[in-house]
Amino acid sequence: LLVNMANAVHHLTEFQEKCIVEAFNECDEDDSGKVDAKELGALVTKLLQRPPTTREIKHMISIADTDDDGAIDVEEFKKVMQAQLNNTTTWGLLKSKLTNYVGVDNI
């Protein structure tokens, strides 16, 4: 589901950024400002309609967690989403899932 973040050259529109931050806030169930493994697992379960394995969650966090604190903050989350914009197939899937999850169109 995640692509190489080094390719995150696509700039988010204001609307895309707003939607991504809103999705992040929905994931951050405890309002800590970070998405931990449990919260990421809940998001992946909602988006993919299946629970992720512990290995999948650890892998996703290792890709996104650039400050190595074991969780994903909003800036790290935005970078992952930016990287997805460079992969149109992945972004199309993610966009439709986020649209359903957040409840907004035109992400």
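Visitor: Start with aspartate 68: buried or exposed?
Guide: Aspartate 68 is exposed, with a relative accessible area of 68%. Here buried means under 20% relative accessible area, exposed over 50%, and partly exposed in between, with a 1.4 Å probe and protein chains only.

Visitor: Before more numbers, what kind of model is this?
Guide: It is a predicted model, where local features need pLDDT of at least 70, side-chain atom pairs count only at pLDDT 80 or more, and totals for chains, interfaces and linings use all residues. Residues are numbered from 1 along each chain as its sequence is written, and side-chain values use heavy atoms, with hydrogens and water left out.

Visitor: Back to aspartate 68, then. Where does it lie?
Guide: Aspartate 68 lies in the loop between α3 and β2 (72-73). Helices (H or I, at least four residues) and strands (E, at least two) are DSSP runs, numbered from the N terminus. Aspartate 68 is not a glycine, yet its phi is positive, about 55°.

Visitor: What about α2 itself, how many residues?
Guide: α2 has 12 residues and reaches 16 Å from first C-alpha to last, close to the 16 Å expected at 1.5 Å a residue. That expected span is 1.5 Å times one less than the number of residues. At the start of α2, a side-chain oxygen of aspartate 36 comes within 3.1 Å of the backbone nitrogen of lysine 38.

Visitor: Which residues of α2 are buried?
Guide: Glu39, Leu40, Gly41, Leu43, Val44 and Leu47. Leucine 40 touches Val35, Ile57, Met60, Ile61 and Ile72, leaving out residues up to four places away in sequence; a contact means heavy atoms within 4.5 Å.

Visitor: How many residues are in the largest nonpolar core?
Guide: It has 18, and Val35, Leu40, Leu43, Ile72 and Phe77 have the most contacts inside it. At least two residues of this core come from each of α1 (14-27), α2 (37-48), α3 (54-64) and α4 (74-85). Such a core is a set of buried Ala, Val, Leu, Ile, Met, Phe, Trp, Tyr and Cys residues joined through side-chain atoms within 4.5 Å.

Key. A polar contact is a pair of N or O atoms within 3.5 Å; within protein, one must be able to donate a hydrogen and the other to accept it, and residues adjacent in sequence count only if both atoms are side-chain atoms.
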